[in-house]
Amino acid sequence: MNQYPKNHETAAIILQAMKNRRSIRNYTGEPVPKEDLDLIVEAGLTSASGHAEYPWKIFVVQDMELIHKLVGVRQGAANMLNNAGAAIVVTADENISTWIEDCSIVLTNMHLLADAMGYGSCWIQGRCRDAADGGSADAFVRTLIDLPENFQLEAILAIGIPEKEKTADDAARQAKRAGFAKEKVTYL
Ligand SMILES: Cc1cc2nc3c(=O)[nH]c(=O)nc-3n(C[C@H](O)[C@H](O)[C@H](O)COP(=O)(O)O)c2cc1C
């Protein structure tokens with residue numbers, strides 16, 4: 001789609017940011033400044049929420065030792081935390097029926113804004129996943145972060161200063177996505 005009937009400049013910028021977004025797993029290890037984390041969290045807090053319940057609790061981890069301990073939340077799939085500059089742990093009250101969707105929107109919005117700000121970030125799945133110690137990812141996070149019993153881990157967003165620029169295959173990747181779109185979308 002190349003046509004934006006209203007507010008087209010804003011729409012074009014947002015769509016471009018979405019197209020540019022990607023999961024980045026290699027970072028320099030430098031910390032992400034608090035003022036930038038505040039903006040990323042703000043993007044998460046703008047999220048839509050079923051019945052406007054906003055059931056989440058978000059833990060912004062800046063302590064490097066704690067970030068490195070969180071690597072154990074998964075067997076291999078969280079290794080990028082070894083060189084991340086921050087980690088944002090997203091949890092929510094499981095008694096709210098839309099908690100999974102709500103948390104997913106929070107993560108998506110933070111991931112997108114972090115990318116648009118020039119940071120690399122990557123979703124680390126926690127819900128329904130096991131930790132490196134064989135227990136659940138949720139139980140593992142509870143050994144490090146004080147979570148109320150009714151709160152569940154959805155995912156962790158690893159964030160860092162990218163080790164290198166986004167690679168030149170982006171155009172090819174975007175073409176691939178456009179190809180997928182034809183197969184995945186039906187207009188009725
Ligand atoms: C629900 C969800 C769970 C994911 N879990 C992980 C994960 O645990 N570890 C990881 O390295 N990447 C994870 N990812 C990132 C995906 O691997 C990534 O989005 C996918 O490869 C497509 O690449 P892209 O984000 O650059 O478009 C996850 C992404 C989503 C949406």
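**View 1. Strand β2 and its two partners.** Strands β2 and β4 (residues 151–160) run antiparallel and are joined by eight bridges; strands here are DSSP E runs of at least two residues, helices are H or I runs of at least four, and both are numbered from the N terminus. Two strands are said to pair if DSSP finds at least two bridges between them. D93 has F151 as its bridge partner in β4. Strand β1 (residues 56–61) also runs antiparallel to β2, with six bridges joining the two, and I58 stands opposite V90 in β2. Seven of the eight residues of β2 (residues 86–93) are buried, so this strand is largely enclosed by the rest of the structure. Buried means 20 or more other C-beta atoms within 10 Å of a residue's own, exposed means 12 or fewer, and partly exposed lies in between, with C-beta atoms placed from the backbone. Please keep in mind that this is a predicted model: local features need pLDDT of at least 70, side-chain atom pairs count only at pLDDT 80 or more, and totals for chains, interfaces and linings use all residues. Residues are numbered from 1 along each chain as its sequence is written.

**View 2. The whole chain, for orientation.** Six helices and four strands make up the count for the protein chain, and along the sequence they follow the pattern α-α-β-α-β-α-β-α-β-α. The radius of gyration is 17 Å, close to the 16 Å that the globule rule gives for 188 residues, so the chain is as compact as a globular protein of that length. That radius is taken over C-alpha atoms, and the rule is 2.2 Å times the number of residues to the power 0.38. Of the 188 residues, 30% count as buried.

**View 3. The largest nonpolar core.** This core has 42 residues, and A87, I156, A158 and I159 have the most contacts inside it. Such a core is a set of buried Ala, Val, Leu, Ile, Met, Phe, Trp, Tyr and Cys residues joined through C-beta atoms within 7 Å. The elements that give it two or more residues are α2 (34–45), β1, β2, α4 (99–116), β3 (120–125), α5 and β4. Leaving aside residues up to four places away in sequence, I156 touches L70, V73, A87, I88, V89, I124 and G126; a contact means C-beta atoms, placed from the backbone, within 7 Å.

**View 4. C103 in helix α4.** C103 lies in α4 and counts as buried, with 26 C-beta neighbours inside 10 Å. Beyond residues up to four places away in sequence, C103 touches W56, V90, A92, E154 and A155. Y54 is 49 residues from C103 along the chain, and their C-alpha atoms are separated by 8.9 Å.

**View 5. The shell around the ligand.** The residues around the ligand are R22, S23, R25, R74, A77, C122, W123, I124 and Q125, each with a C-beta atom, placed from the backbone, within 6 Å of it. By class, the shell has four nonpolar, two polar and three charged residues.

**View 6. Two loop residues with positive phi.** Most residues other than glycine have a negative phi. H51, in the loop between α2 and β1, has a positive phi near 55° and is exposed, with 10 other C-beta atoms within 10 Å. C128, in the loop between β3 and α5, has a positive phi near 65° and is exposed, with 11 other C-beta atoms within 10 Å.

Definitions and conventions:
Ala, Val, Leu, Ile, Met, Phe, Trp, Tyr, Cys and Pro count as nonpolar, Asp, Glu, Lys and Arg as charged, and the others, Gly among them, as polar. Two residues are in contact if their C-beta atoms, placed from the backbone, lie within 7 Å.
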